[in-house]
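Have the structure open while you read.

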Amino acid sequence: GKVVCFPIDYKMYREPCGDCYQKYGLDPNKRYFLFSGRLTSVKNVSFIIDVFKDLPDECVLMVMGYGPEEENLKKQVKDNGQRNVLFFDKKTPVKELLSVSQAMLLPSLHEGIPFISVQAQACGVKCLLSDYITKESQMGLTTFLPLEKDAWKAAILALASDDYAHEPQYDRRFDSKFLISYFRGIYEGLSSDQWIERGKEYTLGSNRFYRDKDLCQDCFRIA
């Protein structure tokens, strides 16, 4: 069997977003960190809000999403007297918020492959993930942390002082073009000889398929 990951269009995540600081009224002198996802207890957003309670106001948490915990989380921020937590509508383009982010944060209590971490790394944004999350989303920019506040504070402060440029990452497991090309062959019901011919096309490249060594080898294995 073959595990198929949810695909993305890498080209879309590498296109410039324009001045999102101005669009959303953000201060370019501050450091922004993003949580994006459904606001449920398993996402553990209350944990990261409490982490930011002990961080300087120059470190700002952006929370984008909706769910049953939304009002509780907003009340938590208000009760804490925090000025460094912002809530964004679920319809806000995630790519635009990623463009101003030092890192994407996901302190989930458990989770499979988080799509948002793939999106973030495709944009070149570093990720801090709970070590309860599966490691398959690693594309080179992810750090897994225990759910201990001191560990998250230290990691966030380190990233806040880092002026690294976003360097988009690529992993063919999540490439929509790769998966479309691969499954076209499967669902066309090719014979062994046809799989071999298709493997040759992937070796040399053709009008139908781009060159790809891994796809070529997959075709020969299927044959």
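Helices here are DSSP runs of H or I with at least four residues, numbered from the N terminus. Going by that, Gln 76 sits in helix 4, which covers residues 70–80. Keep in mind that this is a predicted model.

**Gln 76**
- Buried or exposed? Gln 76 has a relative accessible area of 15%, and since buried means under 20%, Gln 76 counts as buried.
- Setting aside neighbours within four places in sequence, Gln 76 is in contact with Ser 46, Ile 49, Asp 50 and Gln 82.

**Helix 3 and its surroundings**
- Helix 3 (residues 45–53) has seven of its nine residues buried, so the rest of the structure largely encloses it.
- The buried ones are Val 45, Phe 47, Ile 48, Ile 49, Asp 50, Val 51 and Phe 52.
- What do they pack against? The buried residues of helix 3 pack against strand 1 (31–36), strand 2 (59–64), strand 4 (101–106), helix 4 and helix 7 (149–160).

**Helix 3 with helix 4**
- The two axes come within 10 Å and cross at roughly 20°.
- Angles under 35 degrees count as roughly parallel, and helix 3 and helix 4 are therefore roughly parallel to each other.
- Their crossing is right-handed.
- On the helix 3 side, Val 45, Ser 46, Ile 49, Asp 50 and Lys 53 meet Leu 73, Gln 76, Val 77 and Asn 80 of helix 4.
- Sorted by class, that contact has four nonpolar, three polar and two charged residues.

**Helix 8 with helix 9**
- Helix 8 (residues 176–187) packs with helix 9 (residues 192–204) at an angle of about 165°, and their axes are 11 Å apart.
- That angle makes helix 8 roughly antiparallel to helix 9.
- The crossing of helix 8 and helix 9 is right-handed.
- Ser 181, Tyr 182, Arg 184, Gly 185 and Ile 186 from helix 8 meet Trp 195, Arg 198 and Tyr 202 from helix 9.
- The residues of this contact split into four nonpolar, two polar and two charged.

**Nonpolar cores**
- In soluble globular proteins, nonpolar side chains tend to be buried together.
- In this model, the largest nonpolar core has 55 residues, and those with the most contacts inside it are Phe 33, Ile 48, Phe 52, Leu 61, Leu 105 and Ile 156.
- Not counting residues up to four places away in sequence, Ile 156 touches Phe 33, Ile 48, Val 51, Phe 52, Leu 55, Leu 105 and Leu 128.
- There's also a second, separate core of ten residues, including Phe 178, Leu 179, Leu 190 and Phe 209.

Methods. Residues are numbered from 1 along each chain as its sequence is written. This is a predicted model: local features need pLDDT of at least 70, side-chain atom pairs count only at pLDDT 80 or more; totals for chains, interfaces and linings use all residues. Side-chain values use heavy atoms; hydrogens and water are left out. Axes are lines fitted to C-alpha atoms, for helices over the stretch in contact, and angles run from 0 to 180 degrees between N-to-C directions. Helices (H or I, at least four residues) and strands (E, at least two) are DSSP runs, numbered from the N terminus. Angles under 35 degrees count as roughly parallel, over 145 as roughly antiparallel, 65 to 115 as roughly perpendicular and the rest as oblique. A crossing is left-handed if the near helix is turned anticlockwise from the far one by less than a right angle, and right-handed if clockwise. Contact means heavy atoms within 4.5 Å. Ala, Val, Leu, Ile, Met, Phe, Trp, Tyr, Cys and Pro count as nonpolar, Asp, Glu, Lys and Arg as charged, and the others, Gly among them, as polar. A nonpolar core is a set of buried Ala, Val, Leu, Ile, Met, Phe, Trp, Tyr and Cys residues joined through side-chain atoms within 4.5 Å. Buried means under 20% relative accessible area, exposed over 50%, partly exposed in between (1.4 Å probe, protein chains only).
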